[in-house]
Amino acid sequence: MMTTRDTPISAPITIRQAQGTDTGVSAPLAEAFEEDPVMATFVPSGPGRLARLDTLFTALLQSGPLASGTVDVAVDQRGHVVGTAVWESPRTGPETPGPFLAQLPAFLRALGLRGALAAARHRAVLHRPRPRLPHWYLAEIGVAARARGLGVGTALLEHRLRRIDGARGAAYLESSTDRNRALYRRHGFVELGVITGLPSGEPMAMWRPRASAPTPI
């Protein structure tokens, strides 16, 4: 039986904000991070790993981004989600813990206690170098295997950056590969420096200033 993961792409592909009725929003993220070495420190390889990653990203989406309207999806003509980008909008106050706490059981199912503790440490290390200036943060972006090479990731990135530019906003992200860093540089991001202190790599902190704005120090 052919699964959604095996179904060929039906063009054209539309980029839009994720809706509450969308299904499979987490699937491209789970596929994209299935072989990721950083994610392996939280969700070890083995039977059921893809399903656990899907549980993890579903919990992440439900913990705030979906309700806040900061998730973008690439959808083919059949309505299948083939790419997902998760953003955080500029903070205007302290985080509300309620949505995250509601998803805590799902996070623990996906990660286990040891993995959850490792993920918390990882998140703390990544948070330290984030600029204090207001900015949009690209938390996750992933494209389904069957849609790679079609420009879906670029289209997802450009969709949100147009909105950020319209609001004269800045953006920030971390990138772990030379290929992705090249993509982000082409879209106006500059490298701030390598993030150290992680056991599984040294991602690059990258900043995209708003128009006529200086790079933060």
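Predicted model: local features only at pLDDT ≥ 70, side-chain atom pairs only at ≥ 80, totals over all residues.
Figure 1. Arg168 sits in the loop that runs between α7 (152-166) and β5 (171-175). Its backbone deserves a look. Arg168 has a positive phi of about 55 degrees, although Arg168 is not a glycine. Most residues other than glycine have a negative phi.

Figure 2. His135 belongs to the loop between α6 (104-127) and β4 (136-143). Its relative accessibility is 7%, so His135 counts as buried. Two polar contacts of the His135 side chain can be traced here. One joins the side chain of His135 to the side chain of Arg130, at 3.2 Å. In the other, the His135 side chain reaches the backbone oxygen of Leu133, at 2.7 Å. Neighbours within four places in sequence are left aside in the next list. His135 is then in contact with Glu88, Ser89 and Pro90, with Arg130, with Ala170, Ala171 and Tyr172, and with Trp207.

Figure 3. Is Arg130 buried or exposed? Arg130 has a relative accessible area of 13%; buried means under 20%, so Arg130 is buried. Its side chain makes the 3.2 Å polar contact with the side chain of His135. Not counting residues up to four places away in sequence, Arg130 touches Glu88, Arg91, His135, Tyr137 and Tyr172. Glu88 and Tyr172 are also among the contacts of His135.

Figure 4. Ser26 is found in the loop between β1 (14-17) and α1 (27-32). With a relative accessible area of 6%, Ser26 is buried. Which residues does Ser26 touch, not counting residues up to four places away in sequence? They are Asp54, Phe57, Thr58 and Leu61. With Thr58 there is also a polar contact: the two side chains are joined at 3.0 Å.

**Figure 5. Thr55 on helix α3.** Thr55 is part of helix α3. Thr55 is partly exposed, at a relative accessible area of 27%. Not counting residues up to four places away in sequence, Thr55 touches Ala106 and Ala110.

**Figure 6. Ser45 in the loop between α2 and α3.** Ser45 is found in the loop that runs from α2 (37-40) to α3 (49-62). At 67% relative accessibility, where exposed means over 50%, Ser45 counts as exposed. Ser45 and Glu202 are 157 residues apart along the chain, and 21 Å separates their C-alpha atoms.

**Figure 7. Gly115 within helix α6.** Gly115 is found in helix α6. Its relative accessibility is 6%, so Gly115 counts as buried. How far apart in space are Gly115 and Trp207, C-alpha to C-alpha? They are 29 Å apart, and 92 residues apart in sequence.

**Figure 8. The whole protein, for orientation.** The fold comprises eight helices and seven strands. Its radius of gyration is 17 Å, close to the 17 Å that the globule rule gives for 217 residues, so the protein is as compact as a globular protein of that length. The C-alpha trace spans about 55 × 40 × 35 Å along its principal axes. Of the 217 residues, 42% count as buried. Among contacts with a separation of 6 or more, 70% come from residues 24 or more positions apart. The protein exposes about 11,700 Å², and carbon and sulfur atoms supply 55% of that area. There are 25 positive and 18 negative charges, and their mean positions are 4 Å apart.

Notes:
Residues numbered from 1 in each chain as written. Heavy atoms only, no water. Helix = DSSP H or I, 4+ residues; strand = E, 2+ residues; numbered from the N terminus. Rg over C-alpha atoms; globule rule 2.2 N^0.38 Å. Buried < 20%, exposed > 50% of the residue type's maximum accessible area, 1.4 Å probe, protein only. Contact = heavy atoms within 4.5 Å. Areas by Shrake-Rupley, 256 points an atom, 1.4 Å probe, with all protein chains shown as cover. Lys, Arg positive; Asp, Glu negative; His and termini not counted. Charge placed at Lys NZ, Arg CZ, Asp CG, Glu CD. Polar contact = N/O pair within 3.5 Å; in protein donor to acceptor, adjacent residues only side chain to side chain.
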